[in-house]
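Here's a quick briefing to read alongside the model. Keep the structure open while you go through the points.

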Amino acid sequence: MRELAAELAPYSIRVNSVHPANVRSPMTENRTITELFAGGRAGARFDDGDVVAAFQDLAALPVPYLDPVDISNAVLYLVSAEARYVTGTTHVVDLGGLLPYKAPLRRSAS
């Protein structure tokens with residue numbers, strides 16, 4: 001993406017990428033993924049507590065997954081006039097999941 005942004009910048013073409021975390025969509029809200037996030041428990045549902053907790057473990061912010069509109073809003077920003085000089089960027093929308101340190105949200109019993 002950065003190389004392409006550099007090559008196309010003289011032509012006023014901007015290149016950016018969007019990197020989302022888990023998004024509540026058919027890609028994540030299906031039996032295979034739901035059972036995987038439930039530790040293999042058959043019949044698990046997407047809104048079950050253990051499934052939501054597993055998604056939450058991937059995020060620093062107290063939200064288990066994004067809604068599709070959250071990614072759409074990031075894309076809308078990148079195509080808007082406000083971002084007219086933004087090029088060569090990686091736009092990460094991941095609930096803080098890639099932070100080098102995440103504070104634990106749940107504490108295990110000692």
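Predicted model: local features only at pLDDT ≥ 70, side-chain atom pairs only at ≥ 80, totals over all residues.

## Rings, a buried threonine and a surface patch

**The aromatic cluster**
- Phenylalanine 55 and tyrosine 65 make an edge-to-face pair, because their ring centres sit 5.7 Å apart with the planes at 85°.
- That pair ties together distant parts of the chain, with phenylalanine 55 in helix 3 and tyrosine 65 in the loop between helix 3 and helix 4, 10 residues apart.
- Like phenylalanine 55, tyrosine 65 is buried.
- In total there are four aromatic pairs.
- One of them is stacked: phenylalanine 37 and phenylalanine 55, at 4.1 Å centre to centre and 10° between the planes.
- Here phenylalanine 37 comes from helix 2 and phenylalanine 55 from helix 3, 18 residues apart.
- Put together, ring pairs join Phe37, Phe46, Phe55 and Tyr65 into a cluster.

**Helix 3 and its cover**
- Helix 3 runs over residues 49–56, and its buried residues are Val51, Ala54, Phe55 and Gln56.
- Helix 2 (31–37) is included in what covers those buried residues.

**Threonine 28**
- Threonine 28 sits in the loop between strand 1 (17–20) and helix 2.
- With a relative accessible area of 9%, threonine 28 is buried, because the cut-off is under 20%.
- Leaving out residues up to four places away in sequence, its contacts include Phe46 and Phe55, along with Ile33 and Thr34.

- Val75, Leu76 and Val79 make a nonpolar surface patch of about 270 Å².
- Valine 75 belongs to helix 4 (residues 68–79), and its 39% relative accessibility makes it partly exposed.

Notes. Residues numbered from 1 in each chain as written. Heavy atoms only, no water. Buried < 20%, exposed > 50% of the residue type's maximum accessible area, 1.4 Å probe, protein only. Helix = DSSP H or I, 4+ residues; strand = E, 2+ residues; numbered from the N terminus. Contact = heavy atoms within 4.5 Å. Patch = residues over 30% accessible without salt bridge, like charges linked within 9 Å, V, L, I, M, F, W, Y side chains within 5 Å. Areas by Shrake-Rupley, 256 points an atom, 1.4 Å probe, with all protein chains shown as cover. Salt bridge = Lys/Arg side-chain N within 4 Å of Asp/Glu carboxyl O. Phe/Tyr/Trp six-rings, centres within 6.5 Å; stacked < 30°, edge-to-face > 60°.
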